[in-house]
Amino acid sequence: MALSTNETLQLFKDTGAYLRGHFRLTSGLHSPEYLQCALVLQHPDLAARLGRALAECFEDYGEIGLVAAPAIGGLIIGHEVARHFGCRFIFAERDPNAGMVFRRGFTVNPGERALVIEDVVTTGGSSREVADTLRAAGAEVVAAGSIIDRSGGKVDLGIPRVALATLQVITYPPDSCPLCKQGLPVVKPGSRPPGA
Ligand code: ZN
């Protein structure tokens with residue numbers, strides 16, 4: 001059961017995961033909107049639905065032996081995509097000195113056909129690092145996918161890439177942000193409890 005961009009965004013709106021306000025993104029830019037994937041994925045039935053829809057995007061890619069994701073954002077959706085393929089799911093963790101690494105005894109078989117899955121692609125940095133880590137471990141990285149692509153489709157990982165919803169997020173440089181000019185306080189999404 002495929003999900004269109006509008007159907008995907010509706011799931012965010014239905015669960016309060018589509019936030020409106022004044023946000024400082026990781027890039028430093030300001031934005032009037034933010035998609036908080038964790039608020040959708042806290043519902044296991046919706047996580048399963050998104051995972052199935054994302055997995056179905058890769059049906060023409062042949063056998064998939066492994067799904068890998070960057071922690072923490074990719075954990076739930078990667079797990080759900082792997083469930084669809086009946087394959088293993090592993091995750092990479094950021095090491096301050098070594099970039100994205102597989103710990104916890106995770107191994108990759110030589111030539112194993114792997115997907116990289118994330119919740120949100122903004123610059124593609126995390127997916128790119130996980131793909132590199134997979135290749136270094138001997139996997140064949142077949143493609144990458146995410147629930148949301150905030151890059152407007154611009155991110156190029158050098159492999160096929162899909163997203164359930166591709167968005168051109170409205171952003172402003174802080175010095176010309178109309179929300180700042182209105183005096184609205186800016187918040188960094190995800191870093192504060194509700195109402196704080
Ligand atoms: Zn602003």
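**Close-ups of a predicted model**

**View 1. Thr15 and its neighbours.** The backbone oxygen of Leu11 sits 2.8 Å from a polar atom of the Thr15 side chain. This is a predicted model, so keep that in mind for every view here. Look for Thr15 in the loop that runs between α1 (5-14) and β1 (18-24). Is Thr15 buried or exposed? With a relative accessible area of 18%, Thr15 counts as buried, because the cut-off for that is under 20%. Leaving aside residues up to four places away in sequence, Thr15 touches Leu39, Val40, His43 and Leu46.

**View 2. The largest pocket.** Here we turn to the largest pocket, which has a volume of about 960 Å³. Its lining is made up of 36 residues, and Tyr34, Asp119, Val120, Thr122 and Arg150 are the ones that lie nearest the centre. Which elements each supply at least two residues of the lining? They are β2 (30-35), α2 (37-41), α4 (75-85), β6 (113-121) and α5 (125-136). Sorted by class, the lining of the largest pocket has 16 nonpolar, 14 polar and 6 charged residues.

**View 3. Helix α4 and what covers it.** Now for its buried residues: Ile77, Gly78, Glu80, Val81 and Ala82. Among the elements covering them are α3 (44-56), β3 (66-70), β4 (88-95), β6 and β7 (140-149). After α4 comes Gly86, and its phi is positive, near 65°.

Key: Residues are numbered from 1 along each chain as its sequence is written. This is a predicted model: local features need pLDDT of at least 70, side-chain atom pairs count only at pLDDT 80 or more; totals for chains, interfaces and linings use all residues. Side-chain values use heavy atoms; hydrogens and water are left out. Helices (H or I, at least four residues) and strands (E, at least two) are DSSP runs, numbered from the N terminus. Buried means under 20% relative accessible area, exposed over 50%, partly exposed in between (1.4 Å probe, protein chains only). A polar contact is a pair of N or O atoms within 3.5 Å; within protein, one must be able to donate a hydrogen and the other to accept it, and residues adjacent in sequence count only if both atoms are side-chain atoms. Contact means heavy atoms within 4.5 Å. On a 1 Å grid over the protein atoms alone, a cavity is a set of points where a 1.4 Å probe fits but cannot get out, and a pocket is an open set with protein on both sides within 12 Å along at least five of seven lines; lining residues have an atom within 4 Å of a point. Grid points are joined across faces, edges and corners, and a volume is the space filled by probe spheres set on the points. Ala, Val, Leu, Ile, Met, Phe, Trp, Tyr, Cys and Pro count as nonpolar, Asp, Glu, Lys and Arg as charged, and the others, Gly among them, as polar.
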